[in-house]
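Please look over the sequence and the model shown here before reading on.

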Amino acid sequence: MKKVRMGMVGGGKNAFIGAVHRIAAFIDGEIELVCGAFSSDEARSKSSGLSLYLPENRCYASYDEMFETEASLPKTQRMEFVVIVTPNYLHFPIAKAAIENGFHVLSDKPATLNLPEALALASLIKRHECLYGLTHTYNGYPLIKQAKHLIEKGDLGNIVKVVVEYSQGWLASKNDEQSKQASWRLDPEKSGVSCCMGDIGGHAANLAEYVSGLQITDVCADLTSTIVGRTLDDDGTVMLKLSNGAKGVLLASQISLGDENNLKLRIYGDKKSIEWSQLEPNTLWLKSNTEATLQIRAGVGEMCIEAQRAMRTPAGHPEGYLEAFANIYQNFVAQIRAHNNGEQSDNATFDVPGIEEAVRGMAFIENVVMASQSDLKWHPFALDLNQNLPEQN
Ligand SMILES: NC(=O)c1ccc[n+]([C@@H]2O[C@H](COP(=O)([O-])OP(=O)(O)OC[C@H]3O[C@@H](n4cnc5c(N)ncnc54)[C@H](O)[C@@H]3O)[C@@H](O)[C@H]2O)c1
């Protein structure tokens, strides 16, 4: 068995999430970084790669050069998958180039700049042998897996209400727009039709669907650009209808002063309810009107197999964001190994968010923006992945 070889696009010096990805990728010792195109600037890309101890000839000037050169290397040396950690507008062209050169893709979210690109990506993936994963990080928490398990086995009964919130305060003032991360997120050409809903609302929507096992079918939305001069939203509220008739609320905000990465999920059934917060990720509350509230702690007592697999340390030794991220990598690597062995390697089997989640995420963003601009109360977002695929050429 050999380590799986990873290339990276984006994640150069002073970038945010690329470094987090590298830590997450290395936690389980299954992945080695073999190459990268870390910046659109050639010198910066090279110096970023060298500072990660890569050989100079594997620090590329551009992603096109990287895919072309890597594809020409012997199979046992070339990278096997690429992780995409650039601003949103580059996700599709990079994923497309990678797939056309025969590489698996692990992309950060949102999958693409818009829904047509996501559908084109789905079509491309159908025609190639490549695997595709999307880093919806929060799915990786052990107690999120436990919550999903409790709902699947019916402990909550019929789900009647879902409340999911993701609020941050880092874009609360005009001055906050100076950072590298803010400047492209607030630019529609680079970010897409939404800032806040695209950046964190999509994570919240995915988490709600992942844990509840339901799908959002209709949205009623109100998005705001709180800070004068912004074209894109920095705050929003969305009412949801879910596939079993349950109702929901999704709040996303980047102007909530003092809020950290305040991601919270509450799901109410007709028997019991659950409550989870990223600020206390190793605790899950199980509640009802008739029994004492149960505090479920990661690693204490019986946990479902998925939650157990998502933990690395004994109970009470805190695990968090990096390990949740690492769980996506762990599962994606297992998926690649299965694929290499000719075994079943679909995303659902390996619990890796894939192209279906990618398309649903883009549809969520576009429908929420449309709903916010309309006077119609509810916007259905019917999305049949097969029906919506563009004609293949
Ligand atoms: N999963 C999560 O929890 C999570 C968290 C944060 C960000 N993200 C996503 O990750 C992506 C990056 O966000 P960020 O905050 O790290 O942005 P960033 O601006 O900090 O980093 C972007 C990087 O991409 C590089 N880049 C730009 N154009 C390039 C090109 N043509 N070739 C190679 N590299 C290029 C930049 O030089 C920079 O290194 C975004 O899509 C964002 O939505 C996901």
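## Basis of the description

The structure is a predicted model, and the residues are numbered from 1 along each chain as its sequence is written.

## The largest pocket

The largest pocket holds about 1100 Å³ of space, and of the 49 residues that line it, Val 85, Thr 86, Pro 87, Trp 184 and Arg 185 are the closest to its centre. At least two residues of this lining come from each of strand E1 (4-10), helix H1 (17-26), helix H4 (91-100), helix H7 (180-185), H9 and helix H11 (321-340), and among the elements H7 gives the most, with five residues.

The lining of the largest pocket divides into 21 nonpolar, 18 polar and ten charged residues. Domain 1 (4-137 + 329-354) and domain 2 (142-315) each provide at least three residues of the lining of the largest pocket.

## The second largest pocket

For the second largest pocket the volume is about 770 Å³, and its lining is made of 34 residues, of which Tyr 210, Ala 348, Val 352, Pro 353 and Glu 357 are the closest to the centre. Helix H6 (142-152), H9, H12 and H13 each supply at least two residues of this lining, with H13 giving the most, namely six residues.

In the second largest pocket the lining residues are 13 nonpolar, eleven polar and ten charged. The lining of the second largest pocket draws at least three residues from domain 1 (4-137 + 329-354) and at least three from domain 2 (142-315).

Three cavities of 30 Å³ or more are found when the whole structure is searched, and the largest cavity contains about 70 Å³ of space. Its lining has 13 residues, of which Lys 109, Pro 110, His 136, Gly 202 and Gly 361 lie nearest the centre. Helix H9 (196-212) and H13 are the elements that give two or more residues to the lining of the largest cavity, and H13 gives the most, with five residues.

By residue class, the lining of the largest cavity comprises six nonpolar, five polar and two charged residues. At least three residues of the lining of the largest cavity come from each of domain 1 (4-137 + 329-354) and domain 2 (142-315).

## Backbone features in loops

Lys 109 and Pro 110, which are among the residues nearest the centre of the largest cavity, are joined by a cis peptide bond with omega near -15 degrees. Pro 110 is placed in the loop between strand E4 (104-107) and helix H5 (115-127).

Tyr 53 is not a glycine, yet it has a positive phi of about 70 degrees, and it is found in the loop between helix H2 (42-51) and helix H3 (63-72). Because its relative accessibility is 76%, Tyr 53 counts as exposed. Asp 351, also not a glycine, has a positive phi of about 55 degrees and lies in the loop between helix H12 (347-350) and helix H13 (355-372). With a relative accessible area of 23%, Asp 351 is partly exposed.

## The surroundings of Ser 288

Ser 288 has its place in the loop between strand E12 (283-287) and strand E13 (294-297). The side chain of Ser 288 reaches the backbone nitrogen of Thr 290 at 3.2 Å, and a polar atom of that side chain lies 3.0 Å from the backbone nitrogen of Glu 291. When residues up to four places away in sequence are not counted, Ser 288 touches Lys 271 and Lys 272.

Definitions and conventions: This is a predicted model: local features need pLDDT of at least 70, side-chain atom pairs count only at pLDDT 80 or more; totals for chains, interfaces and linings use all residues. Side-chain values use heavy atoms; hydrogens and water are left out. Helices (H or I, at least four residues) and strands (E, at least two) are DSSP runs, numbered from the N terminus. A polar contact is a pair of N or O atoms within 3.5 Å; within protein, one must be able to donate a hydrogen and the other to accept it, and residues adjacent in sequence count only if both atoms are side-chain atoms. Contact means heavy atoms within 4.5 Å. Buried means under 20% relative accessible area, exposed over 50%, partly exposed in between (1.4 Å probe, protein chains only). On a 1 Å grid over the protein atoms alone, a cavity is a set of points where a 1.4 Å probe fits but cannot get out, and a pocket is an open set with protein on both sides within 12 Å along at least five of seven lines; lining residues have an atom within 4 Å of a point. Grid points are joined across faces, edges and corners, and a volume is the space filled by probe spheres set on the points. Ala, Val, Leu, Ile, Met, Phe, Trp, Tyr, Cys and Pro count as nonpolar, Asp, Glu, Lys and Arg as charged, and the others, Gly among them, as polar. Domain bounds come from an automatic or database domain assignment.
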